[in-house]
Amino acid sequence: MTYENLDAKLINALLGDGRASLRSLAEELDVSVTTVSNHLRDLEDEGVIEGYTPKVNYDALGYDVTAVLQLKVEGSKLPDITERLKEEKQMISVYEVTGDYDVIAIGKFTDTDGMNRQIKTLLTDSDIRESNTSVVLNAVVENQQFELDIDQ
């Protein structure tokens, strides 16, 4: 029974099956259920694991239009704009970025008309100085998580 890299191994196991039981994780990692429970609680307390959620295929639910919005925002209003975007139901990611734009937001929509309406509503905000919207043609990979390296 070795605890070397146990946290990374536990995270990787959960990435493979986020619904795995403590018992099955303990068996896979060759440690006790108590050890898995303690390490899992510590990872949660430290904010490494922020929750357990299903992986939703939005395309299968009809949200098959993805838009990438790039926004230039009036400097002091950046927190207001990002908060507003965060509250928009269909915005799945909002980033403050460096470069030509201040904000990149990614949204999922059921059709281009709905996307157009929501984006036009957002762009009426006078604190948004400039925008560029791209519609995704093909999502090669989306919301991909990666396993942690484990030194052997």
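**Close-up views of a predicted model**

View 1. UniProt, in an unreviewed entry, places the feature "domain: HTH asnC-type" at residues 3-64. UniProt positions follow the numbering used here, feature names are shortened, and annotations may be inferred rather than shown by experiment. This is a predicted model: local features need pLDDT of at least 70, side-chain atom pairs count only at pLDDT 80 or more, and totals for chains, interfaces and linings use all residues. Residues are numbered from 1 along each chain as its sequence is written, and side-chain values use heavy atoms, with hydrogens and water left out. Over residues 3-64 the chain is 52% helix and 0% strand. Its end C-alpha atoms are 44 Å apart. Helices (H or I, at least four residues) and strands (E, at least two) are DSSP runs, numbered from the N terminus.

View 2. Glu4 is found in the segment before helix 1 (6-16). It counts as exposed, at 52% relative accessibility (buried is under 20% relative accessible area, exposed over 50%, partly exposed in between; 1.4 Å probe, protein chains only). Glu4 and Ile150 are 146 residues apart in sequence, yet 9.2 Å apart in space, C-alpha to C-alpha.

View 3. Tyr58 lies in the loop between helix 3 (33-45) and strand 1 (65-73). Tyr58 is partly exposed, at 35%. The structure holds one aromatic pair. Tyr58 and Tyr63 form it edge-to-face, 6.2 Å centre to centre with 90° between the planes (ring centres of Phe, Tyr and Trp, the last by its six-membered ring, lie within 6.5 Å; planes under 30 degrees apart are stacked, over 60 edge-to-face, the rest tilted).

View 4. The charged end of Lys72 sits over the ring of Tyr101, 5.6 Å from its centre (NZ of Lys or CZ of Arg within 6 Å of the ring centre and within 35 degrees of the ring normal). Lys72 also forms a salt bridge with Glu130, with closest N and O atoms 3.5 Å apart (a side-chain nitrogen of Lys or Arg within 4 Å of a carboxyl oxygen of Asp or Glu). Glu130 lies in strand 4 (residues 128-135) and Lys72 in strand 1, so the pair ties together parts 58 residues apart in sequence.

**View 5. Arg84 and Asp125.** These side chains form a salt bridge, with closest N and O atoms 3.0 Å apart. Arg84 is in helix 4 (residues 78-87), and Asp125 is in the loop between helix 5 (112-123) and strand 4. Arg84 is partly exposed, at 28%. Asp125 counts as buried, at 17%.
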